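Subject: Structure for you to look at

Hello,

Please find the structure below. My notes on it follow.

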Amino acid sequence: MATEKKKMIAVILAAVLVAGVVFSAAASLVTVRAVNELKSAAGLTTGQTQEDDVPIMNGEFWIRSTRNISDAYRSGSTSGLSDKDQETLEMASAVLDEIITEDMTPYEKEKAVYDWMTTALAYDTGVLQVIPQTSEDCDNPYGVLKYHNAVCVGYATTFRLFMQMLDIECMVVHNTEQYHSWNLVKLDDEWYHVDIYSDQGDPSYANFNMNDDMASQGHDWDREFFPAATGLQYNYAVQNKQPVEDIYQIPALLRQALEAQQSCTALGFDAIDEPHAQIVEAMLSGIQSFVDTGEYGPLWMHWNWLHVSGSKYVLAVYISGFEQEEPTPDISEEDQQKIEDAISQAFGTDVDWESVEDAMESAQAFTEEIPAEAVG
């Protein structure tokens with residue numbers, strides 16, 4: 001009975017991971033909480049730490065190497081690839097052709113990939129988007145790029161594939177209980193944690209280029225096996241901080257961020273002491289209450305203090321849950337009129353374009369409520 005119970009909980013955990021993708025970023029926050037509550041009961045087994053050929057969720061998903069694909073991209077020779085790997089390479093190459101330019105730095109390339117993965121993979125917007133009939137490939141780049149259907153392992157292995165294609169050193173990390181995975185990426189000889197799955201659909205950069213201290217707030221891993229991440233230079237908040245001379249400017253700055261639906265606001269302090277930091281904390285708590293229940297809510301706000309050096313700090317404030325605008329169909333006025341005329345003629349009633357748009361929005365909302373596995 002104990003074994004069956006553990007297997008059942010492992011299946012539930014796997015379903016929670018998949019649900020986090022189906023219901024986008026807002027659910028990802030709930031996903032983390034749910035997994036943390038379930039992981040102890042699951043009794044997941046762990047073995048000797050390694051990067052690849054690692055079972056996640058007791059073998060529901062697997063971390064597999066894609067080095068053969070990235071090597072083929074860099075060498076220009078695809079003779080040794082299977083048909084599936086060849087298709088994966090073609091899809092990945094098309095993405096890089098779209099988002100990468102030769103004059104980019106490694107950091108800019110990494111950020112471009114992060115931006116693409118946290119937005120383009122969050123929603124399947126094309127009418128002719130291929131719908132997967134199984135979650136079999138949701139843990140590898142083929143399924144991620146073809147179906148936009150992924151669990152955390154799929155995000156991590158796909159990000160690593162992109163990095164290796166760009167000649168940026170990258171690893172897939174898994175936590176000690178083997179139910180979650182993310183990445184370590186190396187920039188200028190320093191490692192950083194990147195968890196795209198946790199930021200998917202709502203790119204706040206909260207899990208982008210973290211050091212070990214930052215990552216440890218929501219992750220645990222074998223620190224003896226995986227390299228230490230001590231860098232801060234390429235953390236998004238450090239890269240994009242705005243100086244603060246008067247701490248009482250902070251509420252106005254965050255109000256501006258809310259108005260602009262800005263997910264990450266980074267505030268730099270050349271010098272701040274403990275008493276003034278406590279004042280800032282009090283203001284943030286008051287703002288958080290307003291964000292949770294005010295005119296902008298419900299949103300989720302949290303923040304981190306990043307120690308740069310001496311008395312220099314960066315305060316990173318993250319706000320998640322902004323409604324994402326769905327792309328509107330690009331249909332010309334001429335075609336709109338033809339649609340109206342065709343429907344009116346066929347059904348003998350007057351139809352205007354506004355009613356057609358309303359029907360399209362209703363259909364889209366209904367489709368988004370259906371998990372991919374339920375679509376035949």
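How many bridges join S7 to strand S8? Two bridges join S7 to S8 (residues 264-269), and these strands run parallel. Here strands (E, at least two residues) and helices (H or I, at least four) are DSSP runs, numbered from the N terminus, and two strands pair if DSSP finds at least two bridges between them.

Before the rest, some ground rules. This is a predicted model, in which local features need pLDDT of at least 70 and side-chain atom pairs count only at pLDDT 80 or more, while totals for chains, interfaces and linings use all residues. Residues are numbered from 1 along each chain as its sequence is written, and side-chain values use heavy atoms, with hydrogens and water left out.

The sheet with S7 and S8

S7 and S8 belong to an open sheet of four strands with mixed pairing, in the order S7-S8-S10-S9. Its edge strands are S7 (242-243) and S9 (300-309), each of which pairs on one side only.

Helix H11 (residues 250-259) lies across S7, S8, S9 and strand S10 (312-320) and runs at about 155° to S8. Helix H12 (residues 274-293) lies across S9 and S10, at about 160° to S9. Such angles run from 0 to 180 degrees between N-to-C directions, with axes as lines fitted to C-alpha atoms, for helices over the stretch in contact; contact means heavy atoms within 4.5 Å.

The sheet with S3 to S6

Another open sheet of four strands has antiparallel pairing and the order S3-S4-S5-S6. Strand S3 (170-174) and strand S6 (208-210) each have a single partner strand, so one side of each is left without a neighbour in the sheet. Direction ignored, neighbouring strands here are turned by 40° against each other on average.

S3 pairs with strand S4 (residues 181-187) over five bridges in the antiparallel sense, and Val173 stands opposite Trp182 in S4. The hairpin of S3 and S4 has six residues between the strands, and Gln178 takes a positive phi near 60° there.

S3 is mostly covered, with five of its five residues buried; buried means under 20% relative accessible area, exposed over 50% and partly exposed in between (1.4 Å probe, protein chains only). Cys170, Val172 and His174 point one way from S3, whereas Met171 and Val173 point the other way.

Helix H7 (residues 152-165) lies across S3, S4 and S5, at about 20° to S4. Helix H5 lies across S4, strand S5 (190-194) and S6, at about 125° to S6.

H4 and H5

The axes of helix H4 (residues 83-99) and helix H5 (residues 106-120) come within 10 Å and cross at roughly 115°. That makes H4 roughly perpendicular to H5 (65 to 115 degrees; under 35 counts as roughly parallel, over 145 as roughly antiparallel and the rest as oblique). The contact is made by Val95, Leu96, Glu98 and Ile99 of H4 and by Ala112, Val113 and Trp116 of H5.

Cysteines

The structure holds zero disulfides, a disulfide being a pair of cysteine sulfur atoms within 2.5 Å. Cys138 counts as buried at 1% relative accessibility, and Cys264 counts as buried at 8%.

Regards
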